[in-house]
Amino acid sequence: MRNRTLSKIGTKLLRLRHDASQTSQDRTAPADYGLDRGQVGAFVAGTLDAEGEAALAHQVARLLPFHWTWPNRVGEGMRQLIDHFGDQRELMAWLDRHPGLPRLVARLYVFMGLLDRYSAVPAVVTAMREYR
């Protein structure tokens, strides 16, 4: 009896109300989701001050984990930055020079890259299994 009651409650919780869901067209990104184009341009030109550079690094760090959701304008700004640095490795080095979220994101991306690289080597995977 108790399981049946819990099942009914669970079913009610999982059911979406017809008026509660939104289409993707109705959703908008948060107001601060994006890159400040002026800051990107000034940074690439070498005229952005230290405070602006720190703000730009924070914007980049907030956006990187959501690369699949970037609108075209954000992708263009990121491409400008990566082109300015030469590659993504240098972008990560730049982020690592900024404390807080930018450094954390850079180090996590480097760590994930190492995991990707070493998890593709069968001998490493075997050694890890044996070690465990």
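The crossing of helix 3 and helix 6 is left-handed; that is, the near helix is turned anticlockwise from the far one by less than a right angle, while clockwise would be right-handed. A word on the source: this is a predicted model, where local features need pLDDT of at least 70, side-chain atom pairs count only at pLDDT 80 or more, and totals for chains, interfaces and linings use all residues. Residues are numbered from 1 along each chain as its sequence is written, and side-chain values use heavy atoms, without hydrogens and water.

Back to the helices. Helices here are DSSP runs (H or I, at least four residues), numbered from the N terminus. Helix 3 covers residues 50-63, and helix 6 covers residues 101-119. Their axes come within 8 Å and cross at roughly 45°. So helix 3 is oblique to helix 6. Axes are lines fitted to C-alpha atoms over the stretch in contact, and angles run from 0 to 180 degrees between N-to-C directions. Under 35 degrees counts as roughly parallel, over 145 as roughly antiparallel, 65 to 115 as roughly perpendicular, and the rest as oblique.

Which residues of helix 3 and helix 6 meet? From helix 3, Ala57, His58, Ala61 and Arg62; from helix 6, Leu101, Pro102 and Val105. Contact means heavy atoms within 4.5 Å. That contact has five nonpolar residues, one polar and one charged. For those classes, Ala, Val, Leu, Ile, Met, Phe, Trp, Tyr, Cys and Pro are nonpolar, Asp, Glu, Lys and Arg are charged, and the others, Gly among them, are polar.

Next pair. Helix 2 (residues 37-45) and helix 4 (residues 72-85) pack at about 15°, axes 10 Å apart. They are therefore roughly parallel to each other. This crossing, too, is left-handed. Helix 2 brings Arg37, Val40, Phe43 and Val44; helix 4 brings Glu76, Gly77, Gln80, Leu81, His84 and Phe85. The contact of helix 2 with helix 4 splits into five nonpolar, three polar and two charged.

Last, the pocket. A pocket is an open set of points on a 1 Å grid where a 1.4 Å probe fits, with protein on both sides within 12 Å along at least five of seven lines; lining residues have an atom within 4 Å of a point. Which helix gives the largest share of the largest pocket's lining? Helix 6, with seven residues. Helix 5 (88-96) also supplies at least two. The lining divides into six nonpolar, two polar and four charged residues.
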